[in-house]
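Please look over the sequence and the fold below before reading on.

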Amino acid sequence: MTAPWRYAAHGVMVAVRVTPRGGRDAVDGIEELANGKSVVKVRVRVAAEGGEANRAVTELFAGLLRVPKSKVRVASGVTSRVKQLTIEGDPKQLGEALKAATAATDKD
């Protein structure tokens with residue numbers, strides 16, 4: 001399975017699959033979709049109304065990767081469960097943090 005993130009000059013692009021009203025804000029590892037695409041599984045407490053789920057996802061990744069909230073944005077899939085996030089920062093550091101975060105949840 002390939003990593004669900006791509007490195008770019010400005011940071012990383014991360015493919016995520018969001019479950020709104022998931023009971024807690026958390027990353028649940030990596031999943032391969034039916035089309036073969038890998039995504040980071042994410043759940044958030046809030047409903048997908050008025051952009052609240054998107055806000056919760058960006059805040060979750062900002063905290064997880066220790067970057068300012070302004071450095072994380074939804075690049076595509078604003079109204080979809082499958083989204084592309086753009087995270088600005090050092091690509092190598094962000095990639096290592098993503099590996100650590102998803103590896104920890106895959107062991108559970």
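This is a predicted model: local features need pLDDT of at least 70, side-chain atom pairs count only at pLDDT 80 or more; totals for chains, interfaces and linings use all residues.

Residues are numbered from 1 along each chain as its sequence is written, and side-chain values use heavy atoms, with hydrogens and water left out. Helices (H or I, at least four residues) and strands (E, at least two) are DSSP runs, numbered from the N terminus.

**Salt bridges**

- Searching the whole structure gives 9 salt bridges, a salt bridge being a side-chain nitrogen of Lys or Arg within 4 Å of a carboxyl oxygen of Asp or Glu.
- One of them joins the side chains of Arg 21 and Glu 49, with an N to O distance of 3.7 Å; Arg 21 lies in the loop between strand S2 (11-19) and strand S3 (26-32) and Glu 49 in the loop between strand S4 (38-43) and helix H1 (52-65), so this pair ties together parts that are 28 residues apart in sequence.
- Arg 21 is exposed, at 62% relative accessible area, and Glu 49 is exposed as well, at 54%, where buried means under 20% relative accessible area, exposed over 50% and partly exposed in between, with a 1.4 Å probe and protein chains only.
- Arg 24, Asp 28 and Arg 43 are linked in a network of salt bridges, in which the closest N and O atoms are 3.7 Å apart for Asp 28 and Arg 24, and 2.7 Å apart for Arg 43 and Asp 28.
- Because Arg 43 lies in strand S4 and Asp 28 in strand S3, their pair ties together parts that are 15 residues apart in sequence.

**Strand S6 and its partners**

- Strand S6 (residues 82-88) is mostly covered, with 5 of its 7 residues buried.
- S6 pairs with S2 in the antiparallel sense over 7 bridges, and strands count as paired if DSSP finds at least two bridges between them.
- Strand S5 (residues 72-76) also runs antiparallel to S6, joined to it by 4 bridges.
- Leu 85 in S6 stands opposite Val 14 and is also the bridge partner of Val 74.
- The hairpin of S5 and S6 has 5 residues between the strands, and Gly 77 takes a positive phi near 85° there.

- H1 has 14 residues and reaches 20 Å from its first C-alpha to its last, close to the 20 Å expected at 1.5 Å a residue, the expected span being 1.5 Å times one less than the number of residues.
- Buried residues of H1 include Ala 53, Val 57, Leu 60, Phe 61 and Leu 65, and the helix is followed by Arg 66, whose phi is positive, near 55°.
- Leaving aside neighbours within four places in sequence, Val 16 is in contact (heavy atoms within 4.5 Å) with residues including Val 40, Phe 61, Lys 83 and Leu 85.
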